[in-house]
Amino acid sequence: MMTTVLAGLSLGAVYTLVAIGYNIVFISSRVFNFAQAQFLMAGAFIGFLGSAKLGLPLWAAVLIAAFVGAVIGALEEVLAIRRLAGRGAHNELVTTLGVGTIIAGAALALFGADPQKVTYFDSAAFDFLGGRTNLVDLLIILVAVLLAGIVGLITRKTMIGLASLATSEDRDAGMLRGINVKHLAFWAFVIAGALVAATGPLVASKTLASYHLGDLLAVKAFVAVAVGGFGSYRGAVIGGFVVGLLEMFGARYLGTEWQSISVFVLLLVALIVLPKGLFGRSQERLV
Amino acid sequence: MKKLSNETYRRGPLWVLPLALGLVVMVLPFLGIDAGTQRITVSVALMSMLVLGLNMTFGYAGELALGQSAIYAVGAYAAGIFAVAGLDLPLTFVIAVLAAAAVGLLTGVPGIRLGNWSLGMVTFFLVLLVPEVVNLFPKVTGGAVGLPGVPLPTFLGAPLNGQAYYVLVIGVTIATFVLLRNFATSRHGNALKVLRESPVLARSLGYSVPGLKLKTYVIGALPAGAAGALFAYQDGYINPASFGFQMAVALLAASIIGGADSIYGAVIGAAILTIGPLRTSGFQQFSLIFFGILLVLGGLFFAGGIAGLARRWFQRWFVDDRLLSDVKDVLASEVEFPRIHGKELRATGVEKAFGGNRALRGVDLVARPGTVTALIGPNGSGKTTLLNVVSGFYKPDAGTIAVGGVAVEGKAPHKVAASGVSRTFQTPLIPKGMTVAEVVQSARYARDRASILAAMLRLPSARRAQREDRAEALRLLNIVGIAELADKPAADLPLGTRRLLEVTRALAGDPAVVLLDEPASGLDESDVQLLSSVISRLRDAGATIVIVEHNFEMVMSIADEVNVLHLGEMIAVGTPDMVRNDPAVVESYLGKAAREELERRNAAQQGGSK
């Protein structure tokens, strides 16, 4: 049972990592970046290149992944998002979906359809707290929680963080107070892209690098934010863990065919019962 | 070059052209095209049905319901499973369409409560779930390997060969397009465009938004189910990998490139996205990149796709600009003011607080038929809040609101609208893609139930309803003085005209109470004059008009009674002159010093006249 718990936490931590990216962008620009999970996939392939083809040490692969993620994030914001400021969720879903598709398509064109192994970590299993797990899984959990904590702290305690929170509540008011809203949005995409991509080499050691890694990941990480609340980093951790645990317990006790279906049911329940998520914050003005 | 007359373009049977084209395509096998081309044509036809369904929910209604490929899978498996079990084609077809409708309905239910993002994600998740659901019942569905052994389609016992299958597919496609085109050009299509623009606007016109959304999801699902049923027979085998992320993205891209709010655009988009990949060798590798780029460009420059461009180009160069004959008739006839049967609006003791902010503290308001009741007050006094409470968008914490003696407080906005309360908004809500006449007509949708089936089949009852809608719209537009704009796109008009249009829309359907929210805001002198004269004449015709306005001059000139709100309390009620000289009103607008000045002047006058 503990093994399942640890597996669930580790899987959930992957969702948390993408959810952190979702939140960074959402808080600063009110955009939901459907492509975020594809950044992880891009980082995963860089991990593959680094470990299997170029013989780079882990830290180098992470840095390169961060750089690539930052560049793609910048391009995405400038080309696909900026022109749409405030025109409505409609078009933003389409363009971010488009960007995500392009990234996946590039991976397919460059690396082919077969999943690739990333060999930075020894996958030997050992006993931990009463269950079997391995180093990669524990590291992912650690990184996810740390990252959420650090980014959450920065958002709540620094000027730039507070500026983002303010802008997400009211863009015009933010502009009137001298916040450079465009810059904020730009850097949010860049930072989210870099962070999420940088975790790619680590995550891929667990999941393998594949061009359609991002599809289900994007949707399940959305469930994590739906459960935890948009804009909350605490929520991203809790939500991610809830999804991961549900998935692993569902697979163990109901069968692997029920894995994603149980997450889907969770999504429906969460959206209807907890429309703002556990720790979420959002206001709508009606007329 | 002689241009096509506007009358023919808008009223003439131009639909004959696409129909003829469809019929020609249908008989192509008998003119000798080879099996390979037949197969491609079938694929394009099936995909165009899918894109058409997507256009209904996404393009017309503005709902991000992206689960088309999942519903396609449902239709295909439903037909396939029952065909393997030995059922005839017509029966499996019906089963597939019903199953698709049911799934479309169920998956749309979240969409009623959720915002667009969540709906998009939920429906997208569905698409990704297809392989897993298929694997749940491998005995029935064949699991991940696919469902083999789907027999040749049999129609009433007789098996259909390749050519007959082809004719069937094209025939069903043509029928689907006919039905959905009729639906989209009817008042139902109009209603969807209103929903797309703003659910708030839809509710204020009396639409039941959940009902409308559900109907849309079902209508969008029907072609997908039909296409799925036909697809099941194409190869005698269903591969679950055919319905996935790639297909979903391709459908969205096809919808956008063809024109998401167009009917025939679905065929264009489907053709490009089916034939394009096949013609380019080595495309498979780059297909995703291609789709992604299309999505980005489409999302950025969503200008109606190819169909939209073609329509605009054709209209610009080949259609003249003359007024339609019924517009000319209306312009030539006398302006007759309809009798408007206004009812009394009585709000008593209304209280509304937002957290600690008490926006309304026990407010009374009475508006009688045949009068203009103005509601004024400094910013933040609660005027718009009161309007929102009266029209049902906010529930009051206490108090009653009665229209013609019938209580409406606490009712949902669309029910309040249905009891005859119509309103305008601070920023005019004019849907895109509609003409001026259609905007006015949209107000009649809820008041006059009309069957969707009748609209799809263009039955006499539906045609009559459309004629009557347009006739009333033209009459009202003539009263307000903008009838010659009846067939122009409404969203591009100048602000003053859009405000007049909103007022006209508020009049359609003999409203009991008309609420005008700052109609003169942003208008210049002459437009304000025009608006004032229209409002006065409506008052004379019997309407109950409540107007919130900052333009003091205008209020003084047309109001019969003025109510002054200040920080949530009514501080003065009376004729314009009484209110203008009321010390409390002066203080609330101009401050204590002004009030003292006024009181001094009043006292001096009284002293002097002794």
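Over all chains, the structure holds 23 salt bridges, a salt bridge being a side-chain nitrogen of Lys or Arg within 4 Å of a carboxyl oxygen of Asp or Glu. The model is predicted, so local features need pLDDT of at least 70 and side-chain atom pairs count only at pLDDT 80 or more, whereas totals for chains, interfaces and linings use all residues. Residues are numbered from 1 along each chain as its sequence is written, chains are lettered from A and ligands numbered from 1 in the order in which they are written, and side-chain values use heavy atoms, with hydrogens and water left out.

Chain A comprises 12 helices and 2 strands; helices (H or I, at least four residues) and strands (E, at least two) are DSSP runs, numbered from the N terminus. Along the sequence the order of elements is α-α-α-α-β-β-α-α-α-α-α-α-α-α. The radius of gyration of chain A is 18 Å, close to the 19 Å given by the globule rule for 287 residues, so the chain is as compact as a globular protein of that length. This radius is taken over C-alpha atoms, and the globule rule is 2.2 Å times the number of residues to the power 0.38. Along the principal axes, the C-alpha atoms of chain A fill a box of roughly 55 × 45 × 35 Å.

Of the 287 residues of chain A, 57% count as buried. Here buried means under 20% relative accessible area, exposed means over 50%, and partly exposed lies in between (1.4 Å probe, protein chains only). The accessible surface of the chain comes to about 12,100 Å², with 67% belonging to carbon and sulfur atoms; accessible areas come from the Shrake-Rupley method with a 1.4 Å probe, and for residues only the protein chains shown count as cover. Among contacts (heavy atoms within 4.5 Å) in chain A between residues at least 6 apart in sequence, 78% join residues at least 24 apart.

Leaving aside neighbours within four places in sequence, Gln38(A) is in contact with Gly100(A), Ile103(A), Ala104(A), Tyr211(A), Gly214(A) and Asp215(A).

In chain A, one salt bridge joins the side chains of Glu247(A) and Lys220(A), at 2.8 Å from N to O. Glu247(A) lies in helix α11 (residues 233-254) and Lys220(A) in helix α10 (residues 213-228) of chain A, so the pair ties together parts that are 27 residues apart in sequence. Both Glu247(A) and Lys220(A) are buried.

In chain B, Asp469(B) forms a salt bridge with Arg187(B), with the closest N and O atoms 2.8 Å apart. Asp469(B) belongs to helix α21 (residues 460-480) and Arg187(B) to helix α9 (residues 187-197) of chain B, so this pair ties together parts that are 282 residues apart in sequence. Asp469(B) is buried at a relative accessible area of 1%, and Arg187(B) also counts as buried, at 9%.

The pair Glu597(B) and Arg600(B) forms a salt bridge whose closest N and O atoms are 3.5 Å apart. These residues are 3 apart in helix α27 (residues 592-608) of chain B, and are therefore separated by about one helical turn. Glu597(B) is partly exposed at 34% relative accessibility, while Arg600(B) is exposed at 53%. Elsewhere, salt bridges that share partners join Arg187(B), Arg444(B), Asp469(B) and Glu472(B) into one network.

Between the chains, 48 residues of chain A are in contact with 43 residues of chain B. The two chains bury about 4,100 Å² between them, 80% of it on carbon and sulfur atoms; buried area is the accessible area (1.4 Å probe) that two parts lose on being put together, summed over both. Across this interface the rule finds 0 salt bridges.

Helix α2 (residues 16-27) of chain B supplies the largest share of the patch, 3 residues. Val178(B) is in helix α8 (residues 162-185) of chain B and is partly exposed, with a relative accessible area of 37%.
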